[in-house]
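Please open the model in a viewer and keep the selection panel at hand.

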Amino acid sequence: MSVIQSKVADILAGGNLGEVVNDFSLQIASANGSGSQTSNMVLVRALFRMGIPVSGKNLFPSNIQGLPTWYTIRCSHAGYVARQPSAPVVVLMNPETAIKDLAGLESGGVCFYPDDLKIDLSRQDVTYYPMPVKQLTSVPEVPRHLRTYIGNMVYVGVLAQVLKIEMSALEAALDWQFGGRTKLVNANLPTIKAAYEWAAANITKRDQYRVERMNATAGYMLVDGNAAGGLGSVYGGMTVTAWYPITPSTSLADEMSAFASTLRRDPDGKANYAIVQAEDELAAIGMVLGAGWAGARSMTTTSGPGISLMQEFLGFGYYAEIPAVIWDIQRVGPSTGMPTRVSQGDLFACYYASHGDTKHICLLPGSVNECFEFGWRSLDIAEQYQTPVFVLSDLDLGMNQWMTKPFEYPTEPINRGKVLTAEQVEKNGFRRYADIDGDGIAYRTLPGTNHPRASYFTRGSGHDADARYTEEPEKYRGNLERLRRKIELSREHLPAPVVEMTAGAKIGIIGFGSTDPAIIEARDTLTASGVQTSYLRIRALPSAASVVDFVRSHERVYVVEINADGQLRLILQSDMPELAARLRPVCMLDGMPFTAAWIIGQINSQEQK
Amino acid sequence: MATATVAPSKLNLIGLDKSDYKGNPSTLCAGCGHDSISAQIIQVAFELGLKPENVIKLSGIGCSSKSPAYFLNRSHGLNAVHGRMPSVASGAMLANRNLTAIGVSGDGDTGSIGLGQFKHIIRRNVPMVYVIENNGVYGLTKGQFSATSDEGQKLKYYGDNEYPAVDLCMEAIVSGCGFVARSFAGDPKQVRPLLKAAFSFNGTAVLDIISPCVTFNNNPDSNKSYEWVRDHDSPLHDISFVPVREEITVDYEPGETKAVTMHDGAKIVLKKLAGEHDPTDRMAAIMLLERSRTDNVLTTGLIYYNPDRDTVQDSEGMVATALALLPDEKLRPVRSTLEKIVASLC
Ligand SMILES: Cc1ncc(C[n+]2csc(CCOP(=O)(O)OP(=O)(O)O)c2C)c(N)n1
Ligand code: SF4
Ligand SMILES: [Mg+2]
């Protein structure tokens, strides 16, 4: 008898169940725009407050109101935060999807549903808990126009009672969610409490899932990557941002604006920065390059469609050598794709952005903390290398709630790169594109530098070492070679790969970005089944030489990435053609964050070949 | 014709010689209108005593957009991508609001590929002088129609133009521009005071200057040709620009002139030539352009003036210092602020 079958047998026999504590996923199905997001966030934060490792992922449609959305909360005493293939506890708040949601529920699972939901409940292998949503909200205390919204607080209260979420944790979470605004707290809390008490009086617990206080979240924060990236940029001295709204990058600009408006103002209220909503991404990158050229620490944030529009300017920026930071919060493409679903498919579009020969520095944050760090670091790197620098995050990392260690205050002073003052021009002269230091990085001056020889003409067309127009083949080639050298030499100075070597392991795994938690979990499971792996997480392109060493030390290396072509693998293969055959794809794109189970399945099946 | 007096000395107010404002030798066709405009920019920058190091000159792509290389070598220049000079200029002026910006564009660069950015830079009122060297044709790609080509216009290889022209002054006015002027590259006496006034304007100042392309669009029946413009030019007024430091010495009869005072105290003195036109009346300006179109004349001069809008830097509530030059301590908030934020996220 399988585990599931025995569980079912237990349920049918009404016998004692093995408890599942702090180790399950919970999925809330609702309609977009119905207000369930607040309830879901409160649940996540309450679990976090109880010291239980938790993650929250919103799987939402491209829609403002009405289409189905699923919020998944995973609690894991082992600290795993990746998505799980299925959730054994579901809350059916959306009648549209209820039949499918219930059909998808695993045997032995638990189903919470509003008691007026008209649905066939004949499945015998799951536990049902009806919830009196209408009844608890059709009370004078709940204003009529808020009843649907506050109805979502009923499942918070019922779940809390059945799953044993502490009321004090809920109260703290609610308070946090509403930023301490008592009026809002008071509008919601009574319904949570009423539901909690109703469940105590009316529900007999018949399932095996519950939570229990731990002490595993002390010293952590719960935050999304976009807030972290925005905040990091504020600490990085961003001075000009131009952007155009696009999911999933909008919240980075919004969070940055909110942080900057308190952190970066003079006492008289004047802003030490400008954040401008451009008319499109083409104008956004134009403004960013104009600002970078004139000496601002400038940046933009966008997603795939915006990256596509920016292409011509990105090549211009590379060749004219203008610092700029471009955040790409990746979503599914091509074209509009699935705009609210995760992808890591813009590696090519960014690394090789624009026509002609380009290769751009790309930073690849793999955690919320790195979003913060790369927020400030990217501005340094852009000015240091005088070039557009990409930061490739994604929807999962950017918009979902992650447990993370506190942000670390920037560990390095601000780097403004090689900028000459009028005095330096007077003393040593100025040749804009001459490679004086042999590192491919030339010196620049800023407009306004008070010296008659400080100016130069910036152009995307052929130029010599003194920025003069030229079409001479030798000069053109020489300049391109210097540019290539400049980017090549950045390899060892960008955020280094994070490597975990396992002695004797023949299998290596390479990944980047938001797949990190799924890879960590997959490796633990593989190890438990006797399969040893090493792991290298790339944090920047072009990648360091240690990546080649890593591949050389393993017989087979699986490159995990959320795109259909295996873009990182192809980039790495071109870096190390002699080792190309060792690199194997674990790549796929369906709009969902990877699960450990899927990665394990891929590796196991390829290992058997 | 009254023009502002030029200092008799060879040096200007800030002690520079006119040669300090020159650029590289032009590589445009001999007789190209764009070169006369470059010459006027040099002359005006010299006469105004602009500090070249404090000027930025930007452009898009086209023959016209090449011209920033031919003036003000001591200024930083940027030749952007086609049609996108406005965004680059906007970014630069956000980074350093204390610069003086001049942008040069073509009718294709502004009216076709760049129409959106043109309207949006005006909407934001980014302080800059925006010169359109309008020849009604794509010069650099060898003679295709542009958005300002007149309906019915004939071109050697492309036949008849079937589509109505975009009037860039009209577009500027309806987008909220506070300084809209039209002139002719063959009329330096009018171009100069308008350029000077544009440099004094605190916002986006648009100058649509008809600038004939002698190679691809100088047929007398083209309304962007030297001959046609000379025959159809209808100047609104005799214009004088009076810098702050000078008294108004122009000797017009009272009643026939109108003086407009600019932000920096300089004045534009307009002597009425043809008909009544009040450049501070937006509706009148729109009607004027419409009438010029139906009457098939080229009305030149200061078409619309309104100094009341905030600039982008003021709208954004920015500090007076150039953002580009802020010291590190203004760029990075202190450690304790981050500790507070971290605590709030736990
Ligand atoms: C994206 C892009 N498309 C097309 C071109 C080719 N191109 C160069 S200049 C030009 C037209 C310029 O016309 P206009 O702005 O009127 O300038 P003119 O040469 O007439 O002064 C075009 C289409 C380009 N450089 N970039
Ligand atoms: S082609 Fe026309 S616009 Fe271009 S340089 Fe020659 S005359 Fe001027
Ligand atoms: Mg043209």
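From which domains of chain A does the lining of the largest cavity draw at least three residues each? They are domain 1 (19–210) and domain 4 (498–607) of chain A, with bounds from an automatic or database domain assignment.

Before selecting anything, note that this is a predicted model, in which local features need pLDDT of at least 70 and side-chain atom pairs count only at pLDDT 80 or more, while totals for chains, interfaces and linings use all residues. Residues are numbered from 1 along each chain as its sequence is written, chains are lettered from A and ligands numbered from 1 in the order in which they are written, and side-chain values use heavy atoms, with hydrogens and water left out.

**Stop 1: the largest cavity**

Select K57(A), A82(A), R83(A), D396(A), W402(A), S514(A), T515(A), P517(A), A518(A), I562(A), P593(A) and F594(A), which line the largest cavity. A cavity is a set of points, on a 1 Å grid over the protein atoms alone, where a 1.4 Å probe fits but cannot get out; a pocket is an open set with protein on both sides within 12 Å along at least five of seven lines, and lining residues have an atom within 4 Å of a point. The space inside this cavity is about 60 Å³, taken as that filled by probe spheres set on the points, which are joined across faces, edges and corners. Its lining comprises seven nonpolar, two polar and three charged residues. Here Ala, Val, Leu, Ile, Met, Phe, Trp, Tyr, Cys and Pro count as nonpolar, Asp, Glu, Lys and Arg as charged, and the others, Gly among them, as polar. The structure holds six cavities of 30 Å³ or more.

**Stop 2: the largest pocket**

The largest pocket contains about 1100 Å³ of space. Select F457(A), R459(A), S461(A), A467(A) and Y469(A), the closest to its centre of the 46 residues that line it. Next, display α12(A), which gives the most to this lining, with five residues; helices (H or I, at least four residues) and strands (E, at least two) are DSSP runs, numbered from the N terminus. The lining of the largest pocket consists of 18 nonpolar, 17 polar and 11 charged residues. Domain 2 (223–404) and domain 3 (422–492) of chain A each supply at least three of its residues.

**Stop 3: the second largest pocket**

About 740 Å³ of space lies in the second largest pocket. Select D224(A), S251(A), E255(A), M399(A) and Q401(A), the closest to its centre among 35 lining residues. Four residues, the largest share of this lining, come from α9(A). The classes here are 17 nonpolar, 14 polar and four charged. At least three residues come from each of domain 1 (19–210) and domain 2 (223–404) of chain A.

**Stop 4: the magnesium ion**

Finally, select ligand 3, a magnesium ion coordinated by D107(B) (OD), N135(B) (OD1) and V137(B) (O) at 2.1 to 2.2 Å. Donors are N, O and S atoms within 2.8 Å of the metal (3.2 Å for Na, K and Ca); water is not among the atoms, so sites may look incomplete. Because D107(B) lies in helix α4 (residues 107–111) of chain B and N135(B) in the loop between β4 (128–134) and β5 (137–138) of chain B, the pair ties together parts that are 28 residues apart in sequence. Both D107(B) and N135(B) are buried, that is, under 20% relative accessible area with a 1.4 Å probe and protein chains only.

Key. Buried < 20%, exposed > 50% of the residue type's maximum accessible area, 1.4 Å probe, protein only.
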